[in-house]
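Subject: Structure handover

Hello,

Here is the structure you asked for. My notes follow below it.

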Amino acid sequence: MWRVLLVEDQAIVRQGLKVILEQDEKILVTHEASNGLEAVEIVKKHPFDVIMMDVRMPKMNGIEATRIIREQFPAIKILILTTFNDDEYAYQALKQGASAFLLKTSEPNKLIEAVYSAMKGGLTLDDEVAAKVMPRLLQKADKPTPVLAIELTEREVMITKLVGEGKTNKEIAGALYLSVGTVKNHITTILQKIDLRDRTQLAIYAVKHDIT
């Protein structure tokens, strides 16, 4: 059972999200918060697997709350859910380690799919958001020479490429004929070499350095 924290300032929206998510037997909403500051305090007291986070909230917005929580509890997957199709919000959310950026206009099944993807190590972007964010990342892309300087092996470069394409560990393992455990070990080594925190940052790195 995956324990979920809902962070949304509108109670009626929280209840709607709770009903949608708990249609899946593996998902249980154990706590709710009305702003980012409250969410940070709740996370310090209770264990969670997933947080579904709104962006615009009083006291502390979702992007700042994501930054704080990811620094202290990097294993928690955070999914950003908002009414605002703004590439800046998405870009900042990804920088802080969010595992998804979805619009509240998304189909209910997309929310559940995003939870499953996050728990497998995947990254989910709403199509409209991805269309804005990816070109922005590519425009800021550096030359790929830093990758060579870091001396990633050919296998590590391929895994980085697949992470940048949004593949899960299982999908990468299938593509490269490796075990999921071996893929996880490779990703850990890559993160250490490049000095990154998690696979979301690695996915962004892959796009920025044209490894996709």
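How much space lies in the largest cavity? About 50 Å³. This is a predicted model, where local features need pLDDT of at least 70, side-chain atom pairs count only at pLDDT 80 or more, and totals for chains, interfaces and linings use all residues. Residues are numbered from 1 along each chain as its sequence is written, and side-chain values use heavy atoms, with hydrogens and water left out.

The search runs on a 1 Å grid over the protein atoms alone. A cavity is a set of points where a 1.4 Å probe fits but cannot get out. A pocket is an open set with protein on both sides within 12 Å along at least five of seven lines. Lining residues have an atom within 4 Å of a point. Points are joined across faces, edges and corners, and a volume is the space filled by probe spheres set on them.

There are two cavities of 30 Å³ or more. Lining the largest cavity are Gly 121, Gly 122, Leu 123, Val 163, Gly 166, Lys 167, Arg 199, Thr 200 and Ala 203. Helix 11 gives the most to that lining, three residues. (Helices are DSSP runs of H or I, at least four residues; strands are runs of E, at least two; both are numbered from the N terminus.) By class, the cavity lining has three nonpolar, four polar and two charged residues. Here Ala, Val, Leu, Ile, Met, Phe, Trp, Tyr, Cys and Pro count as nonpolar, Asp, Glu, Lys and Arg as charged, and the others, Gly among them, as polar.

The largest pocket holds about 360 Å³ of space. Its lining has 20 residues, and Lys 77, Gly 121, Leu 191, Asp 198 and Arg 199 lie nearest the centre. Helix 5 (108-119), helix 10 (180-194) and helix 11 (199-208) each supply at least two lining residues. Helix 10 has the largest share, with four. The pocket lining divides into six nonpolar, seven polar and seven charged residues.

Nonpolar cores

A nonpolar core is a set of buried Ala, Val, Leu, Ile, Met, Phe, Trp, Tyr and Cys residues joined through side-chain atoms within 4.5 Å. Buried means under 20% relative accessible area, exposed over 50%, and partly exposed in between (1.4 Å probe, protein chains only).

The largest core has 28 residues. Leu 5, Val 7, Ile 51, Met 53, Ile 69 and Ile 80 have the most contacts inside it. Strand 1 (2-7), helix 2 (36-45), strand 3 (50-53), helix 3 (62-72), strand 4 (77-82) and helix 4 (87-95) each give two or more residues to this core. A second, separate core has 19 residues, including Trp 2, Ile 27, Leu 102 and Leu 111.

What does Ile 51 touch, not counting residues up to four places away in sequence? The list is Leu 5, Val 7, Val 43, Ile 69, Ile 76, Lys 77, Ile 78 and Leu 79. (Contact means heavy atoms within 4.5 Å.)

Salt bridges

A salt bridge is a side-chain nitrogen of Lys or Arg within 4 Å of a carboxyl oxygen of Asp or Glu. By this rule there are 11.

Asp 54 and Lys 104 meet in one of them, at 3.5 Å, N to O. The pair links distant parts of the chain, 50 residues apart. Asp 54 is in the loop between strand 3 and helix 3; Lys 104 is in the loop between strand 5 (100-103) and helix 5. Asp 54 counts as buried because its relative accessibility is 4%. Lys 104 is partly exposed, at 27%.

Glu 165 pairs with Lys 161, the closest N and O atoms being 2.6 Å apart. Glu 165 is partly exposed at 38%, and so is Lys 161 at 26%.

In helix 8 (154-164), Glu 156, Ile 159, Thr 160, Leu 162, Val 163 and Gly 164 are buried. Their cover includes helix 9 (169-176), helix 10 and helix 11. Just after helix 8, Gly 166 takes a positive phi of about 85°.

Arg 14 sits in helix 1 (11-21). Its relative accessible area is 13%, so Arg 14 is buried. Beyond neighbours within four places in sequence, Arg 14 is in contact with Leu 6, Glu 8, Asp 9, Glu 32, Ala 33 and Ser 34.

Best wishes
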